[in-house]
Amino acid sequence: MLTLPTDREMPAPSARVDGAPLHYPLAEQLPPTGNAIEVAPGVFWLRMGLPFALNHINLWLLRDRLPDPAQPDVLREGWTAVDCGIDNPATRQAWQDVEAKVLQGLPILRVLATHMHPDHMGLAHWLCERWQAPLWMSTSEYQSALLACSGLSNFGGAPTVAFFKSHGWNQAEELAQVQARVGYYPSMVPQIPGAYVRLMAGMQVRIGERLWQCISGYGHSPEHMALLDEQQQLLISGDMLLPSISTNVSVYAMEPDGNPLQWFLDSLDKMAQLPDATLVLPSHGRPFQGAATRIAQLKSHHAERLAELLHACRAKACFAHELLPVLFKRPLDVHQTTFALGEAVAHLNLLWLTSQMHRERGADGVVRFSTRP
């Protein structure tokens, strides 16, 4: 679990992950900030810093050509940028370095955001304005970004505090910090471009010489879009498939009865048949091969967590906050607890919605889960 984008994917609650080792074709190579590594013809890997425990995000530059808006019969050579980083001075400077060292004097023709989390979306407004480039993303992500930028988000404020209280988090000082997080999202995503081009599941997008298919993903964010070049066996997986940490999947105040963990696991099935040779380009960690192996590891990991919760709730009815030590074996600060608690409720809701647990709200307003009839 980590946060929105950064602390949103936190190391898997248990350290053990089964399965054959993944293959990392680039070994330990990492692109320097402000520069790039070409991972496939016309596909460049950027890595930019984040001020969180998860200290980086991978971004992608794809060689492209699109009709010139002023002369539709003329194709302009340039780039598509996939994801942006957060809006802060360091990331803006890194992009300016990329402009000088990587873009080869060519413009960014469009900005594509896999989803609305700040590390993916934060600088979209700046890049789009700087290059007069359109934003491409799914409708659910775009609209969620608009709401979050206005302060109506799941990341702080009174509704989030009330939701956390209903799951047993009652430390007043800690909840006061959650209340104050109402400005968390706009602090990293101060603006949203005023228009966008819609991405949809199954849609094909030609970017330069490559044809990419949009693969929708749910559970981590409203309507995440990964990109698959099936012919050349490349997958830009965003946050849906990461090599060494477990993507955060949370229940939030706006959808308290949701089943995001089941949606996430179902979404992984769309990638489970990819050939082992497919090079996965994740948003965090290093490019890897072995998508099916990694998906099996993630499914096993969540199955273990679900079994642990079932065992913990046999003796008595439990609320989510008191179950955090079952899922997370190390101390959590307030920031991490916000995402850990959302993830705990996601696991408990799956068990409740599949009739493996009972859920009941007590006279104290706290929701408890049990395996007792």
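Strands here are DSSP runs of E with at least two residues, helices are runs of H or I with at least four residues, and both are numbered from the N terminus; two strands pair if DSSP finds at least two bridges between them. The model is predicted, so local features need pLDDT of at least 70 and side-chain atom pairs count only at pLDDT 80 or more, while totals for chains, interfaces and linings use all residues. Residues are numbered from 1 along each chain as its sequence is written, and side-chain values use heavy atoms, with hydrogens and water left out.

Seven strands form this open sheet, in the order 2-3-4-5-6-7-8 and with mixed pairing. Strand 2 (37-40) and strand 8 (197-199) stand at the edges with a single partner strand each, so one side of each has no neighbour in the sheet.

Strand 10 (residues 210-217) runs antiparallel to strand 11 (residues 224-229), to which five bridges join it, and Gln-213 stands opposite Leu-228 in strand 11.

## Salt bridges

How many salt bridges does a search of the whole structure find? The search finds 14, where a salt bridge is a side-chain nitrogen of Lys or Arg within 4 Å of a carboxyl oxygen of Asp or Glu. One of them joins the side chains of Glu-28 and Arg-286 at 3.6 Å, N to O. Glu-28 lies in the loop between strand 1 (9-10) and strand 2, and Arg-286 in the loop between strand 14 (279-282) and strand 15, so the pair ties together parts that are 258 residues apart in sequence.

Arg-305 forms a salt bridge with Glu-304 (3.4 Å, N to O) and one with Glu-308, where the closest N and O atoms are 3.0 Å apart. Glu-308 and Arg-305 are separated by about one helical turn, because they are three residues apart in helix 9 (residues 291-312). A network of salt bridges also links Arg-63, Arg-65, Glu-77 and Glu-209.
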